[in-house]
Amino acid sequence: MATIRLFRHYIPAQLLFLGLIESVIIVFGFTAGVHVRYWQQSFSTPPFLELLPYAILFSVVVILCMIALGLYEKRPREGLNAMGLRVIGSFALSILPLSMFFYLAPDYSLGRGVITFAMFFSLIGIISMRVVFFEVVDQNVLKRRILVLGAGKRASQIADMETSPELNGVSVVGYVHMRGEQDSLDEGRVIRLQDQSLKDLTVDRSIDEMVVAVDDRRKALPVHEILDCKMDGVDVVDLLTFFERETGKVKLDIMQPSWMFLSDGFQCNASRAYTKRLLDIVVSLLLLPLALPIMIVVAAAILIESRGRGGCLYHQVRAGEKGIPFTIYKFRSMRVDAESDGQVRWAQKKDNRVTRVGSIIRKIRADELPQIFNILNGDMSFVGPRPERPEFVSELEKTIPYYNERHRMKPGLTGWAQISYQYGASEGDALEKLQYDLYYIKNYSVFIDLIIILKTAEVVLVGKGAH
């Protein structure tokens, strides 16, 4: 499966193609809905070109809701039945933004009957398309055929992940033994060139891409043969770039320090900073009217449960941009005496310090809503690495390399690590989330911010990763 880099973010071409096809299906489903709704009327239905703007609006809203419910994920979901439920949920979710639009712009409303028929035909088309795409089409045909140069320890990292969902878009054809290298893989997976050239091997095996994973590049790396393959149309990437593209994170265990400033990325300028700040303000102001009623209900529930003791808001010092501390605000989800002994602790699964109301608001992330004011105040961004407590930061910086690099951007209400990884509750989790944070910092764009905001909706709606 080829990967397209769009606005610095890697997107599988397979899913991009699926999204385009489904957009067209929804457009025609909308058109069919209009014709069925008015086919018995005395007046003729508008021509296709007049309906097209409405159809495109309908299609964009539904596709965004499908993204928000995780229907364009690289990693496979629970199965076809669960996928069908998510598709139905996406159409149900789209009713809210469509209703708001038609309420604010009644002149453009086509009526509930049109929307109902449009959703029916589009839903049938989308589910049928997904059955064909995921059950009938051979997914192996769509996978990108990979040849790994090397069969040592670095190459074994790919072998260890071959069956993981993260590499479900590639098919590893084999691992080429390099002269002077100690093999770490089963002999059955190792390819020995002998009399065959590397170029002939890529032609015979229909290789799309070559990953350079040699333990020591200074030892007999066949530069000319690799260049021959590249000139013949085979893509060549290093191991770190391969993992970055396929996993959406920067693997620290194979990264050279110089890569951070020599690679394409880790750049920021005034234009990007102003654009990001504008996005923060716009999204926060749009979210605030919707969040205020929820905040009032949450505050009341906390006060009722605690009988007015301890207050409903909780403030805590966190490390912000450049490590500068700031005060973060959250709804209190733990007992008042959660850290009465002065000992700082990670939050855990089934933490007995969490109150009954707290367990609910944590699951839907409502406890984070007061941070909208942190964003408007400029202490935080809507998207970025999650702010950590200074006590944890000082310890993690001693044990995790490059941990301080995550403070090069403002912390966020949500982030790439939050939608890509489980809730962090240990040093190991902190290391894993740092790798996702570095991917975000390296490849930052407004486009990836919008993707994260949409995918955060899935976290909120299904309680994904909540503690």
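## Around Val-148 and its sheet

In β6, Val-148 has Val-211 as its bridge partner. On the β4 side, Val-148 is bridged to Tyr-175. This is a predicted model, so here is what it shows around that spot and a few others.

**The sheet**

How many strands make up the open sheet, and in what order? Five of them, running β5-β4-β3-β6-β7, with parallel pairing. The edges are β5 and β7 (235-238), each of which pairs on one side only.

Let's look at β3 in more detail. Strand β3 covers residues 144-149, and five of its six residues are buried, which leaves the strand mostly covered. Six bridges link β3 with β4 (residues 170-176), and the two run parallel. To get from β3 to β4, the chain goes through helix α6 (residues 153-161), giving a right-handed β-α-β crossover. With β6 (residues 209-212), β3 pairs over four bridges, again in the parallel sense. Leu-149 is set opposite Val-212 in β6.

Helix α6 lies across β3, β4 and β6, and runs at about 150° to β4. Helix α9 (residues 239-247) lies across β3, β4, β6 and β7, with an angle of about 95° to β7.

**A helix pair: α1 and α4**

What are they for α1 and α4? The axes of α1 (residues 13-38) and α4 (residues 112-136) come within 7 Å and cross at roughly 145°. That crossing is right-handed. Sorted by class, the α1 contact with α4 has 19 nonpolar residues, six polar ones and three charged ones.

**Cys-65**

Cys-65 sits in helix α2 (residues 48-68). Is Cys-65 buried or exposed? Its relative accessible area is 8%, under the 20% cut-off, so Cys-65 counts as buried. Leaving aside residues up to four places away in sequence, Cys-65 touches Ser-90, Leu-93 and Ser-94.

Most residues other than glycine have a negative phi. Here are two residues that go the other way, with their phi values.

| Residue | Phi |
|---|---|
| Gln-194 | about 55° |
| Phe-266 | near 55° |

Where do they sit in the chain? Gln-194 is in the loop between β5 (190-191) and α7 (198-204), while Phe-266 is in the loop between α10 (259-262) and α11 (270-306).

How accessible is each one? Gln-194 has 73% relative accessibility, which is over the 50% cut-off, so Gln-194 is exposed. Phe-266 has a relative accessible area of 25%, which lies between the 20% and 50% limits, so Phe-266 is partly exposed.

Note on methods: Residues are numbered from 1 along each chain as its sequence is written. This is a predicted model: local features need pLDDT of at least 70, side-chain atom pairs count only at pLDDT 80 or more; totals for chains, interfaces and linings use all residues. Side-chain values use heavy atoms; hydrogens and water are left out. Axes are lines fitted to C-alpha atoms, for helices over the stretch in contact, and angles run from 0 to 180 degrees between N-to-C directions. A crossing is left-handed if the near helix is turned anticlockwise from the far one by less than a right angle, and right-handed if clockwise. Ala, Val, Leu, Ile, Met, Phe, Trp, Tyr, Cys and Pro count as nonpolar, Asp, Glu, Lys and Arg as charged, and the others, Gly among them, as polar. Buried means under 20% relative accessible area, exposed over 50%, partly exposed in between (1.4 Å probe, protein chains only). Contact means heavy atoms within 4.5 Å. Two strands pair if DSSP finds at least two bridges between them. A crossover is right-handed if, with the strands pointing away from the viewer, the path from the first strand over the helix to the second runs clockwise.
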